Amino acid sequence: MKIAISTNTLSPEARLEPRFGRAAAFVFVDTETGERLPQANPAASAAGGAGIQAAEFIVRQGADAVISGTFGPNAYEVLEASSATLYCAQSGTIDEVLQRFRNGQLDQFEGGPGRRGHRRRGGR
Amino acid sequence: MIIAVASGKGGTGKTTIATSLALVLASHRSVCFLDCDVEAPNAHLFLEPMLDVRKLAVLPVPQIDQARCQHQGTCAKVCQFNAIAIAGETVLVFPDLCHGCGSCMLNCPAGAIIEQPHRLGILESGRANTGIRFARGVLDIGQPLAVPVIRQLKQWFRPRPDETVIIDAPPGTSCPTVESLQGADYALLVTEPTPFGLHDLKLAYELTGELGLPAGVIINRDGIGDSSTRDFCASVDLPVLLHIPLDRALTEGLAQGVPLVALRPQYTAHLWRVLEMIGHRLRETAC
């Protein structure tokens with residue numbers, strides 16, 4: 001299983017970054033081998049649509065689960081189109097976040113209230 | 001002649017000045033009034049036009065023909081606004097982020113993209129009982145893109161050769177303001193003499209410099225704040241054309257939708273002199 005976690009830096013001491021689209025990096029963890037691959041987030045300084053671009057990047061890398069603070073409606077729509085399951089965590093080291101994930105202590109993200117309505121208002 | 005009324009800081013009195021300028025002008029010549037503050041148009045409250053002609057403001061956004069799509073992802077790559085995302089075999093379009101540039105359609109190797117109109121707002125026009133030809137743009141609530149609405153308003157409602165044009169610009173100095181000032185002959189900057197007003201006046205003044213527009217200032221709510229606005233204008237040779245003292249009763253009247261020149265008739269002469277000074281400045285520039 002491959003898990004993507006949004007992080008505040010590329011370094012091995014990185015901590016969870018609660019902002020998804022503007023996170024500095026993502027660390028991709030292979031739960032079978034234990035391998036950790038940090039990757040810079042190409043959307044970190046995007047002028048707009050950072051969530052979309054970050055989500056697209058993660059879908060392209062292929063992740064079964066994504067852990068971040070929360071997911072905006074646009075990013076959610078992209079991630080929803082892949083088969084990844086989304087989880088919420090607010091802080092912690094990568095080890096701590098992974099431990100909570102294994103213990104089943106992370107909430108699954110189901111999309112916020114009105115996430116669809118937010119983008120698809122009447123008259124569009 | 002096209003006079004754009006701008007401000008930098010919001011709430012300084014752009015619409016108060018713009019509508020009364022139009023009313024003063026209208027008793028002498030043909031006037032065309034454009035309310036380009038499409039996020040909060042309010043000039044109609046003072047000029048009371050019959051808005052009987054309407055047109056939708058739309059943006060061409062991509063629609064993907066999923067049957068033709070070869071999933072190469074070129075559209076998402078060329079999009080500078082991240083308005084298209086590829087998730088496996090699915091192409092997702094986010095109309096709110098699209099700027100309607102057409103790059104995705106032009107670059108799609110499979111010809112799988114067509115454009116469809118996405119509504120941004122509405123353009124409305126009509127005549128006020130003073131004879132002023134009036135038009136405004138109204139951005140739909142929640143829409144982020146004001147610029148195309150302003151651009152389409154200006155293309156749709158063109159002034160006639162004999163008309164003097166008054167543009168009520170949006171506050172600020174960002175793209176919607178630039179779009180509103182584009183093509184104007186003169187920028188009339190309305191400010192209040194406070195540190196905040198001055199801060200934004202400086203930005204607006206710099207913008208008129210970038211656009212090569214001659215500018216002048218009207219200081220509204222004079223008597224509050226300090227003298228730094230006056231000092232700044234003097235230091236950069238920016239003419240102050242009029243001072244309007246703070247006057248609570250005047251503000252109360254404006255809040256009822258009564259124009260400045262109706263509340264305080266002496267401003268008819270004051271604003272006429274402002275127009276003369278602008279005309280003089282433009283003739284100077286033309287020589």
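In what follows, a helix axis is a line fitted to the C-alpha atoms over the stretch in contact, and an angle between two helices is taken between their N-to-C directions, from 0 to 180 degrees. The model on screen is a predicted one.

Begin in chain A by selecting residues 50-61, which form helix H1, together with residues 73-81, which form helix H2. These two helices of chain A pack with their axes 8 Å apart and at an angle of about 20°; because angles under 35 degrees count as roughly parallel, H1(A) is described as roughly parallel to H2(A). Looking along the pair, you will find that the crossing of H1(A) and H2(A) is right-handed.

Next, show the side chains where the two helices touch. On the H1(A) side, select Gly51(A), Ile52(A), Ala54(A), Ala55(A), Glu56(A) and Val59(A), which meet Asn74(A), Ala75(A), Val78(A) and Leu79(A) of H2(A). Coloured by class, the residues of this helix contact divide into 7 nonpolar, 2 polar and 1 charged.

Now bring chain B into view and select its contact with chain A, which takes 17 residues from chain A and 18 residues from chain B. On the chain A side, H1 and H2 each supply at least two residues, and H1(A) gives the most, with 5 residues. The residues that chain A presents to chain B divide into 6 nonpolar, 6 polar and 5 charged.

Finally, colour chain B by its assigned domains: domain 1 covers 2-48 + 129-286, while domain 2 covers 61-119. The C-alpha centres of these two domains of chain B lie 40 Å apart.

Note on methods:
Residues are numbered from 1 along each chain as its sequence is written. Chains are lettered from A and ligands numbered from 1 in the order in which they are written. This is a predicted model: local features need pLDDT of at least 70, side-chain atom pairs count only at pLDDT 80 or more; totals for chains, interfaces and linings use all residues. Helices (H or I, at least four residues) and strands (E, at least two) are DSSP runs, numbered from the N terminus. Angles under 35 degrees count as roughly parallel, over 145 as roughly antiparallel, 65 to 115 as roughly perpendicular and the rest as oblique. A crossing is left-handed if the near helix is turned anticlockwise from the far one by less than a right angle, and right-handed if clockwise. Two residues are in contact if their C-beta atoms, placed from the backbone, lie within 7 Å. Ala, Val, Leu, Ile, Met, Phe, Trp, Tyr, Cys and Pro count as nonpolar, Asp, Glu, Lys and Arg as charged, and the others, Gly among them, as polar. Domain bounds come from an automatic or database domain assignment.
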